[in-house]
Amino acid sequence: MRFLVLDRYIARELVSPFAFGCALFTFFLVIDRIYHLTDLVVTKGVPFPLVVQLLVYMLPSFLAHTLPMALLIAVLLAGGRLASDLEITAFKAAGVSALRLFRPVLGASLLVTLLTAGLTLFVNPAANGEFQRQLFRIVQVRAVSALQERVFNDTFGGLTIYVEDVSASQMALRGLLVSNERDPTLSRIITAREGRLLTDELNRSITLRLMNGAVNEADILPADPPRDFITKDVPTAGGAASSARYRYTSFDIYDMSLSMDSPLQNALRVEKPEKDLTLAELGAKIAEYRNDPHGRAPFQIERHKRYALPLAALVSAAWRSW
């Protein structure tokens with residue numbers, strides 16, 4: 001019996017369950033995000049190509065987990081099939097040792113280890129960074145599309161914006177009225193002849209620049225309930241602008257930071273900025289927090305995880321084969 005034929009035979013036994021397991025586990029991880037991605041297209045009007053790119057940037061982090069699991073399933077199924085058909089007994093009767101049968105499994109586990117290491121050490125940090133940039137592009141598209149002519153828009157977190165005229169590029173605005181309700185103790189109405197929507201992709205911020213306008217501010221008086229209204233358990237809120245202290249300020253340029261919720265805030269349960277860092281940046285952060293064990297822990301865990309996932313493929317395959 002030629003050893004190369006034996007290697008190819010066992011490798012073919014591993015390929016089918018490995019591919020099936022990889023596809024199945026990846027599907028289980030992706031299906032959790034499909035609803036949120038579909039919601040972006042259907043209800044929030046995000047262009048479909050942007051959402052597809054978002055899904056592509058998710059895949060490397062999924063594959064880093066599914067490749068070791070798929071290899072483990074492949075070794076279990078292939079080994080179980082060979083044992084149930086007494087082929088392992090036949091190999092031993094033909095003089096093939098158990099260590100010799102382990103050689104193609106070891107080769108497959110080394111290949112999966114290298115692929116997983118490439119994903120965790122190099123591809124994933126870059127993909128996570130692109131994922132966050134893509135999220136900001138989606139927020140930018142939503143912010144631009146939200147500013148429509150002669151419509152009161154309240155999607156910017158405490159701001160109600162009315163625009164009389166929007167240019168074809170949707171960047172130049174005319175005739176703006178802004179009600180700033182971020183401070184519940186102040187009534188702030190801002191008017192401007194012109195405006196611009198500015199985006200900073202580096203700092204991931206969106207700014208509304210108002211030009212040639214004025215700010216009208218007044219304190220808020222709490223609402224006075226009727227005398228027979230009991231407010232023991234129901235606190236009163238709201239009220240009207242007070243004339244006791246009124247301020248009028250004209251300006252040439254007035255910048256306002258626009259805040260929008262992340263389109264996938266419900267899907268991303270925990271924010272972990274250390275996932276976007278490269279190995280060198282993780283090492284720098286660990287050195288920076290060398291005197292702070294609690295601040296250093298997330299970065300150390302992330303670095304250990306990037307090495308542990310590739311080794312999991314090698315260890316699990318070796319253990320099951322043994």
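Colleague: If buried means under 20% relative accessible area, exposed over 50%, and partly exposed in between (1.4 Å probe, protein chains only), what percentage of the 322 residues of the protein counts as buried?

Modeller: Of the 322 residues, 36% count as buried. Please note that this is a predicted model, in which local features need pLDDT of at least 70 and side-chain atom pairs count only at pLDDT 80 or more, while totals for chains, interfaces and linings use all residues. Residues are numbered from 1 along each chain as its sequence is written, and side-chain values use heavy atoms, with hydrogens and water left out.

Colleague: And what does the accessible surface come to?

Modeller: The protein has an accessible surface of about 19000 Å², and 61% of that belongs to carbon and sulfur atoms. Such areas come from the Shrake-Rupley method with a 1.4 Å probe; for residues, only the protein chains shown count as cover.

Colleague: How many helices and strands are there?

Modeller: There are six helices and five strands. These are DSSP runs numbered from the N terminus: helices are H or I with at least four residues, and strands are E with at least two. Read from the N terminus, the order of elements is α-α-α-α-β-β-β-β-β-α-α.

Colleague: Let us take the strands. How many bridges join S1 to S2?

Modeller: Seven bridges join S1 (residues 159-166) to S2 (residues 172-180), and these strands run antiparallel. Strands are said to pair if DSSP finds at least two bridges between them. As an example, valine 163 has leucine 176 in S2 as its bridge partner.

Colleague: Then how many bridges join S2 to S3?

Modeller: Eight bridges join S2 to S3 (residues 186-200), again in an antiparallel arrangement. Serine 179 stands opposite isoleucine 189 in S3. With five residues between them, S2 and S3 form a hairpin.

Colleague: New topic: how many salt bridges does the count come to?

Modeller: The count comes to 15 salt bridges. The rule asks for a side-chain nitrogen of Lys or Arg within 4 Å of a carboxyl oxygen of Asp or Glu. Side chains of opposite charge can pair when their charged atoms come close.

Colleague: With which residue does glutamate 13 form a salt bridge?

Modeller: Glutamate 13 pairs with arginine 81, and their closest N and O atoms are 2.7 Å apart. This pair links distant parts of the chain, 68 residues apart: glutamate 13 is in helix H1 (residues 3-42) and arginine 81 in helix H2 (residues 48-84). Arginine 81 counts as partly exposed, at 25% relative accessibility. Moreover, Glu13, Arg81, Asp85 and Glu87 are linked in a network of salt bridges.

Colleague: Which residue meets arginine 209 in a salt bridge?

Modeller: Aspartate 255 does, at 2.9 Å from N to O. Arginine 209 lies in strand S4 (residues 205-222) and aspartate 255 in strand S5 (residues 239-258), so the pair ties together parts that are 46 residues apart in sequence. Arginine 209 is partly exposed at 28% relative accessible area, and aspartate 255 is partly exposed at 42%.

Colleague: What about arginine 33: buried or exposed?

Modeller: Arginine 33 is buried, with a relative accessible area of 17%. Its salt bridge with aspartate 32 has closest N and O atoms 4.0 Å apart. Aspartate 32 is partly exposed at 36%.

Colleague: Which residues have a positive phi without being glycine?

Modeller: Among them are arginine 150, with phi near 55 degrees, and asparagine 212, with phi of about 55 degrees. Arginine 150 lies in the loop between helix H4 (98-146) and S1. Asparagine 212 is found in strand S4 and is partly exposed at 42% relative accessibility.
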